[in-house]
Amino acid sequence: DLAEYVALRGWLDPTDHTQTRRLALPFVELAEGAGRRADRRVRKRARDVETLDHDARHDLRKALKTLRYVVEFCAAAWPAKRSERFVKALKRLQTLFGDLNDAAMAEALFLADDAPAAHDPAAARAAGRLIGGSLAMADHAWEGVLARWRDFEKARRPWV
């Protein structure tokens with residue numbers, strides 16, 4: 001089925017008359033456009049980064065992940081060192097955002113109505129300690145995010 005789909009060009013949209021032109025674009029141009037769009041999404045979600053709530057931080061984390069995948073996928077179109085440096089900066093940010101997300105997830109899991117600690121006072125105390133420690137680490141991680149964000153803003157985009 002897949003071979004037939006490819007051979008018969010099932011992926012073409014006969015109603016889209018600009019598709020052939022887009023398919024003929026050099027990969028470098030496609031990569032640049034993809035990188036710019038993903039970067040624009042990140043910057044849009046990062047407006048007033050210092051004041052983002054949990055949901056907005058999570059959305060920014062997902063946008064950063066998408067940007068990283070775009071850069072990694074398209075890296076062959078750009079100078080290797082530039083792409084590597086940019087991905088490194090993205091990974092640092094993603095790690096910190098991941099720590100923030102872990103703290104939020106721990107809180108949500110342990111405070112849910114059906115959580116194991118919901119009806120056991122000793123388990124609830126243990127969960128409270130875990131959540132408190134997790135939130136303290138998240139606060140510390142957030143300070144790191146702001147510093148890393150400033151570095152990321154200055155980082156040279158590989159497609160430039």
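## Surroundings of Ser83

Ser83 is in contact (heavy atoms within 4.5 Å) with Val71, Ala75, Trp78 and Pro158, when its neighbours within four places in sequence are left aside. Ser83 lies in helix 5, residues 80-111; helices here are DSSP runs of H or I with at least four residues, strands are runs of E with at least two, and both are numbered from the N terminus. Ser83 has a relative accessible area of 4% and is therefore buried. Buried means under 20% relative accessible area, exposed over 50%, and partly exposed in between, with a 1.4 Å probe and protein chains only.

## Basis of the values

The model is predicted: local features require pLDDT of at least 70 and side-chain atom pairs pLDDT 80 or more, whereas totals for chains, interfaces and linings use all residues. Residues are numbered from 1 along each chain as its sequence is written, and side-chain values use heavy atoms, with hydrogens and water left out.

## Fold and dimensions

The chain contains 6 helices and 0 strands, in the order α-α-α-α-α-α from the N terminus. Its radius of gyration is 21 Å, while a compact globule of 160 residues would have one near 15 Å; the radius is taken over C-alpha atoms, and the globule rule is 2.2 Å times the number of residues to the power 0.38. Along the principal axes, the C-alpha atoms fill a box of roughly 65 × 45 × 25 Å.

Of the 160 residues, 33% are buried. Among contacts between residues at least 6 apart in sequence, 70% join residues at least 24 apart.

## Nonpolar core

The largest nonpolar core has 33 residues, and those with the most contacts inside it include Val42, Leu60, Phe97 and Trp149. Such a core is a set of buried Ala, Val, Leu, Ile, Met, Phe, Trp, Tyr and Cys residues joined through side-chain atoms within 4.5 Å. Helix 3 (27-45), helix 4 (54-74), helix 5 and helix 6 (121-154) each supply at least two residues of this core. Helix 5 gives the most, with 9 residues.

Not counting residues up to four places away in sequence, Leu60 touches Val42, Arg45, Ala46, Val49, Leu52 and Phe97.

## The loop at Asp16

Asp16 is placed in the loop between helix 1 (2-7) and helix 2 (19-23). Its relative accessibility is 23%, so Asp16 counts as partly exposed. The C-alpha atoms of Asp16 and Pro79 are separated by 33 Å, and these residues are 63 apart along the chain.
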